Amino acid sequence: MQVGIRTCAMASEAFKKLKNAYENREEYAVSCKKAEKKVIAALGTDVPEELCLAAGMAQIKVYADEEKELVLTNKYLEYAFDPVIRSTFEKLIDGTYGDLSDAIVVSNSTDVVIRTFLYLRELKRVEPERNIPDIAFIDWLFTRNRMHQDRNELTLKIFWEQLEKWAGRKITNEDLLAAAKVCNENKAALRKLQELRNENKITGSEAMVAIGSGFFMNKEEHTKLVNDLYEDAKSWPETGLKKVFLTGSNQENTKLYEKIEAAGMNVVSEDHDWGARVYDRDFNLDYTPIRGLVDCYMLREFSSKKAFVSQRVDALNREVDSCKANGVIFYTNIYEEAASWDYPSQKESLESRDIKTLGLFKMQWPVEKNETLEEKLSAFAKEIK
């Protein structure tokens, strides 16, 4: 039984290129800056990449650095913020994204991201000498009725105008629709890989490389590589690992997935923002461009951060059934309790259908700080069909 990044994956030239982008995340932004192409650093999961692409700007995802000392964060941010956000904040204020990007765009994906934006905006105001680029905030309304449509269309029009100022040109409806088509093709390629995940031919750690590399690459190049990887992976053998679904905190690297694989399980899908949620919903090209944007981002499967318990129960049941997982792992970092509030109801619903669950809450970050994690995962693997 092989785990982690397997020999068959590393034999694929497409996978090697995706892995290089995944592991060397700054290279794309640096190359864009050298080519005088403007770069947007996106914090939060609801920054519309279609609009940034239509503006002729590259979009990269803001992420934490496990190795970085939090010299400035300890000065400005209280310890009650979860450790991933604290590490991310260090990079936002120490000049990292001042060098890599021309602007930072924050979406109100979670309450802690909103608070991070407020701290960042105030720090830029009181210490203008800091290398913090321009900042924009997308204040989505997370309800699903006519009011959300009207309000969110207005919100995106404001962001649209801001992008035009940064890009120095108008963004036409035709620009946006062309960009949306590029993004839809990318999601379609990733969904084909999901089919192979459902068949247990691709490991979760391999899938994370394929998905996450797209945050740090040219979108069309990423689509081609994912399609090439799909053609390679169709002939791969099944992993032989037990199929599980992962929910909870975002996983910005493959470490947790590799530990799950070492315990004899394979994450065949997930609902966090570095995984399958990325390709959950297309941009409807039959809609007006602004309506298509709102529909694409606000009608995706429910995030644990912006949904009622009943909605999360139904969404998780649908996703687990879709990938045919026999177990569900709930994994949340310390100080990120919101994702665990739904657990009792989700556990009851899943186990009523003979789907085993494992709750891992208030976990330390990085993942290797959790001394008994391997034992808990191995014990859970023995319970699964």
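Biologist: Why does Tyr-343 count as buried?

Modeller: Buried means under 20% relative accessible area, exposed over 50% and partly exposed in between, taken with a 1.4 Å probe and protein chains only. Tyr-343 has 15% relative accessibility, so Tyr-343 counts as buried.

Biologist: What kind of model is this?

Modeller: This is a predicted model, in which local features need pLDDT of at least 70 and side-chain atom pairs count only at pLDDT 80 or more, while totals for chains, interfaces and linings use all residues. Residues are numbered from 1 along each chain as its sequence is written, and side-chain values use heavy atoms, with hydrogens and water left out.

Biologist: What makes Gly-359 partly exposed?

Modeller: Its relative accessible area is 30%, so Gly-359 counts as partly exposed. Gly-359 is in strand β8 (residues 356–363); helices (H or I, at least four residues) and strands (E, at least two) are DSSP runs, numbered from the N terminus. Contact means heavy atoms within 4.5 Å. Setting aside neighbours within four places in sequence, Gly-359 is in contact with Phe-330 and Tyr-343.

Biologist: How many aromatic pairs does a search of the whole structure find?

Modeller: The search finds 9 aromatic pairs. Rings of Phe, Tyr and Trp (its six-membered ring) pair if their centres lie within 6.5 Å; planes under 30 degrees apart count as stacked, over 60 as edge-to-face and the rest as tilted.

Biologist: What makes the pair of Trp-140 and Tyr-297 stacked?

Modeller: The centres are 6.2 Å apart and the planes 25° apart, so the rings form a pair and the pair is stacked. Trp-140 is in the loop between β4 (134–138) and α9 (146–167), and Tyr-297 is in helix α14 (residues 289–298), 157 residues apart. Both Trp-140 and Tyr-297 are buried.

Biologist: Why is the pair of Phe-330 and Tyr-343 called edge-to-face?

Modeller: Centre to centre the distance is 4.7 Å, and the angle between the planes is 75°, so the pair is edge-to-face. Phe-330 lies in strand β7 (residues 327–333) and Tyr-343 in helix α16 (residues 343–351), so the pair ties together parts that are 13 residues apart in sequence. Phe-330, at 2% relative accessibility, also counts as buried.

Biologist: How do you know that the charge of Lys-91 sits over the ring of Tyr-63?

Modeller: A charge sits over a ring if NZ of Lys or CZ of Arg is within 6 Å of the ring centre and within 35 degrees of the ring normal. The charged end of Lys-91 is 3.4 Å from the centre of the Tyr-63 ring and sits over that ring. Arg-115 lies over the face of Phe-81, at 4.4 Å from the ring centre.

Biologist: Why is α2 called roughly perpendicular to α11?

Modeller: Axes are lines fitted to C-alpha atoms, for helices over the stretch in contact, and angles run from 0 to 180 degrees between N-to-C directions. Angles under 35 degrees count as roughly parallel, over 145 as roughly antiparallel, 65 to 115 as roughly perpendicular and the rest as oblique. The axes of α2 (residues 13–23) and α11 (residues 204–212) come within 8 Å and cross at roughly 70°. That makes α2 roughly perpendicular to α11.

Biologist: How many residues of α11 are buried?

Modeller: In α11, 9 of its 9 residues are buried. The buried residues pack against several elements, including α2 and α10 (173–198).
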